Amino acid sequence: MFHRAECQKGNFLEQTKAAREERALEKRKDEAAIKIQALVRGWLVKKKFTNRIISEYDEFIPEIHEDGSQKVAYKSAVQVYHVSYRFMMVWNAERDSERLVKLCRYLVASLEHNSPKFSYVGVALNKDYVLRWISHMNNILWKCCECLEELRPEYPSDMKTILVFLHTLVSYTSSNTWVVLKNKNMEKLGPGMNQLCANLMGNLFHRRFYIILKSLLLKGLGRNKITFKNVSLTAILTLSLRPLISANFSDKLMTMFLIHILSVPGLIQHLNTLAPEVVTTLSSHNIFAKSLELLSSQQSMRIVFNTLEGNYALCLMANLLQLGSICKDSMLAELSFPTFTVVMTGLLESCQNYVVNKQSNLTHWHPVLGWFAQPMDPALHAAMPHVKVQLHILWSSQIISILLGDFLSGMVKGVEAPKASTSPSHNSTANFLKKALESRSNKTNSIKTYRTLGSPDVHRVVLICSMYHTALNTLNQLKLDILTGLCYQGGVLYNLWLFLCSLGPNCGLKTFLDHLAFNTKCTAPEFQMLQLIADCMTHYVTILDDMEMYEHQDPFKINDFIVMSNFLNVFLHKAVLGNLFDLKTIQSNTLVQSLHTLLMALYRRDCRRNYAPQGHWLLKDVRISAFMMDLEKGKRAPQLLLQTMPHIIPHEDRVRLFRKYITNEKTVLGLTESACASPQSTLITVHRSRIVEDGYRQLAMLPPQALKGVIRVRFINEQGLDEAGIDQDGVFKEFLEESIKRVFDPFLNLFKATSEERLYPSPTSYMQDNHLQLFEFVGRMLGKAVYEGIVVDVPFASFFLSQVLGQTAQALYSCVDELPSLDAEVYRSLSYVKHYKGDVSELDLTFSIDENNMGRLVTHELIPGGKAIPVTNENKINYIHLVAHFRMHVQIKDQTSAFIRGFRSIINPDWLSMFSTPELQRLISGDNVPLDLRDLRKNTQYYGGFHDSHRVIGWLWDILDKDFTEDEKAMFLKFVTSCSKPPLLGFAHLEPPFSIRCVEVGDDEDTGDTIGSVIRGFFTIRKRDPLNRLPTSSTCFNLLKLPNYQKKSTLREKLRYAVTCNTGFELS
């Protein structure tokens, strides 16, 4: 019963709750309906009101035709004001943009009427409307600006609209075109109307006006095809100048103008082309001078750059450069120093803060600055070619002449480069007195001409050079253009060299060293000047061909290069040894890099073709014994000098150091004499008729460490029998000589010979099976010969040795310089093309090269599509370098790489860096000096009864000394050692030592030394008359087998016949 009552109560409560919720829902529906109805009614009323206003506007405002073909139906200005005022109340950008264009056309057209009743500015003359009219016009003009921001000038329809809005803005921000003010009674209103225009302009300025103009300029100019014409550009620049003029070029307005207008990429170039009258206006307002004056303040410079950052700061600098070049020379000359120099340096340094050395996830590629820490706007990519053209003005002849050329010419007038010593120094008293007298007589005159680094004139040159140095390090992708501009504009580079010479003895060496002691980071402008001169000279020397350097000598003489290299040599040596550079960071020191690069360019030029006197590169201050001791102690400075400037150490001492490195390595690897007898030595068996094949088969796969060890050779003779004896020195030397002799034979087609009989890899070596493996094997064999100190008579072309040394991988290596070592005829032909006075296209050359490949003409393209690209005056230098690179590198790239891989597997590349190209040839083939008979005799061993006082031995040395020519002496040396050149360190280092043995019988009866033969040889007792016997040799042992002749004349005749006919070369 109770349960039933509780159920009824619960149902009742639920029903009541549901009814209450339903009533609330109905109430909300009613309220929502009322709101919706109110909104709809309001919207309908508003739409009706808007439609009425739009309809009224459409009917009342007359249509103005673009071509002006119909007469304008002018309406009352006040009525137009009321209609347009109401129109602007309901204006909608999407719906009414065309109506706004229509209104703007009429408002501009009304200004041509001379009656205040019809001219729209007449409304402003009515005191009842003036304030509202100003507000109304501010609204219209700002709507024009907002529409400009959305329009795309590349579309013709949008371009027409842009012109209308620009016309409107120009017309209503200046009273110059208001015809109504030309009435006599209206002239007094002119100042008031000007102030009115200034107010309208001021309102726009405070509402992103410059930002909108910049956006519009970027859209129109930041394209491959420029869309703006004279009218549009003139209008935009006119509008941008008006706030400046109104504010009397205040710093604030000038800053905004620089940030937003003058930073538009390529602006001045486009103005100069499309609207030159605007450039004239800019010049008449002294915008260039005012800009420099503003930016010369560090605070203003910081504000401008922090706003622009790197990309647009570069564009600002480019525009200022062109604007300055367009101005009168007198103005630029007046501002060139210090204002222009300081501002340009500041802008370049600011951009440099964003330039990075390498690619990363945070960098972006910039076509002028290289890897850059900021992304580029799309508009900048298309405009960058124009910016590059503007930047080139900085190193154009006009600017260089104004900044540096004329002033520097006056400074160095009468200055001469110091004369270099043309003979090696010696200690004779007469020479000493002569030098002392010359020094005393010239001392007074020379000191008077020296300039000090702190003087105003010197400081000016220093700061201008510092600016160009900053440009080199900032505008990375234009570096070659800058260097070329400085090297070949009006003799500026030579004048800079004379200026350097005027700073003190030996180009101000002591001055710079003293300055370096106080500025170890090398950041002073003086060192930037020094670095700039070094960079320019490196570029100049790299481009200079032999004819220009050695024959023309204009303007630089050979004497200049000698003096310059001496300055660099001494400066770097003293600075490094004196710890004036931070040795821990010296690898990243740009001054050291620049000076060292120039020094090595001059040194390698001298190595290729001598211009410096003998001993020039050696430094008298270097004590070899102390230097070597410091090296052994591991001191950093001598190690650095050896790595970077090995030429300051005599060649013989470097060879000794090289041999010492090899000895140390052998000790570490267990390859010294104690290990030679161990089972670790390698035995190979070689058939006389298959020396190369058997050697390659057994040694090619041998690890480098094993190849550096002892190689024992067993020869198989023609009958297939083992030859007697296994020798660890002589037999292997013979195997090495015979192997190298055969593989370098041009008939094998692995190597070719130049016209000077110098060897280099054959481009057609691919005809041999496994030719690359053979090249690697040859490289290892030659490396083994050098490793063991065995000289082999193999002359290489110098360009090939440069590749072995790794010099071709350096940035400033020039293929053209070494082309004569490959083909002098091709070099002469390319020199003819380079110096051709007329139009090179007349020669009908293309970027391709024809080659006769075994009777078949093959054409190689130097660049993709090169057969169709003609050689012109503009690209001929590129063509010359491409031809040289193809001939010396591309054709033999694989062969050279294989050879170098084999050679370096035996010889450490770091050891090779101690030697130049000619020195490496001497390391391979021996010293290129006359035979020193005294040294040879001193280091000769005798067998078979011979001794140094023996009659026949005395005759032998006398004949060699007095009767043999130098060529015959070389042939004698080749006869007994297989190499016509003596060992680098003298015959004490010849392995095996040179020896002479007395022989009594023919080789077929020769059984070596016996007690009887030794006694008979010692006492000059004949066993048999050796009259018909020729001297013979065993080159593998460096052994001369000499019969015991009874007459000196017989010995002379037989010896000369033997060495000239090249008999001998046999194994005992």
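Figure 1. V40 is partly exposed, with a relative accessible area of 41%. In this predicted model, V40 belongs to helix α1. Together with I36, W43 and L44, V40 forms a nonpolar patch on the surface. The accessible area of these residues together is about 410 Å².

**Figure 2. A patch of negative charge that includes D30.** On the surface, E22, E26, D30 and E31 gather in a patch of negative charge. D30 is placed in helix α1, which spans residues 2–60. The relative accessible area of D30 is 47%, so this residue is partly exposed.

Figure 3. An unreviewed UniProt entry places the feature "active site" at C1036. This cysteine is found in the loop between strands β11 (1032–1034) and β12 (1039–1043). C1036 has a relative accessible area of 1% and is therefore buried, since buried means under 20%.

Figure 4. The structure holds 35 salt bridges. In one of them, the side chains of E154 and R223 meet, with an N to O distance of 3.9 Å. The pair links distant parts of the chain, the two residues being 69 residues apart. E154 lies in the loop between α4 (130–150) and α5 (156–172), and R223 lies in the loop between α7 (209–221) and α8 (230–246). R223 counts as partly exposed because its relative accessibility is 29%.

**Figure 5. The salt bridge of R690 and D694.** The side chains of R690 and D694 form a salt bridge, at 3.5 Å from N to O. With a relative accessibility of 39%, R690 counts as partly exposed, whereas D694, at 5%, counts as buried.

Figure 6. Side chains of opposite charge can pair when their charged atoms come close. Here the side chains of D958 and K962 meet in a salt bridge, with 3.3 Å from N to O. Both residues lie in helix α42 (residues 951–963), where a spacing of 4 residues corresponds to about one turn of the helix. D958 counts as partly exposed at 21% relative accessibility, while K962 is exposed, with a relative accessible area of 62%.

**Figure 7. A network of charged side chains.** D58, R95, D96 and R99 are linked to one another in a network of salt bridges.

Figure 8. Most residues other than glycine have a negative phi, and most peptide bonds are trans. The peptide bond that joins F337 and P338 is cis, with omega of about 5°. P338 lies in helix α14, which covers residues 329–352. The bond from D554 to P555 is also cis, with omega near 0°. P555 is found in the loop between α23 (546–552) and α24 (558–577).

**Figure 9. Asparagines with positive phi.** N579 is not a glycine, yet its phi is positive, at about 55°. The position of N579 is in the loop between α24 and α25 (590–608). N749, likewise not a glycine, has a positive phi of about 70°. N749 lies in the loop between helix α32 (730–743) and strand β5 (751–753).

Notes: Residues numbered from 1 in each chain as written. Predicted model: local features only at pLDDT ≥ 70, side-chain atom pairs only at ≥ 80, totals over all residues. Heavy atoms only, no water. Patch = residues over 30% accessible without salt bridge, like charges linked within 9 Å, V, L, I, M, F, W, Y side chains within 5 Å. Areas by Shrake-Rupley, 256 points an atom, 1.4 Å probe, with all protein chains shown as cover. Salt bridge = Lys/Arg side-chain N within 4 Å of Asp/Glu carboxyl O. Lys, Arg positive; Asp, Glu negative; His and termini not counted. Charge placed at Lys NZ, Arg CZ, Asp CG, Glu CD. Buried < 20%, exposed > 50% of the residue type's maximum accessible area, 1.4 Å probe, protein only. UniProt positions renumbered as here; feature names shortened; annotations may be inferred.
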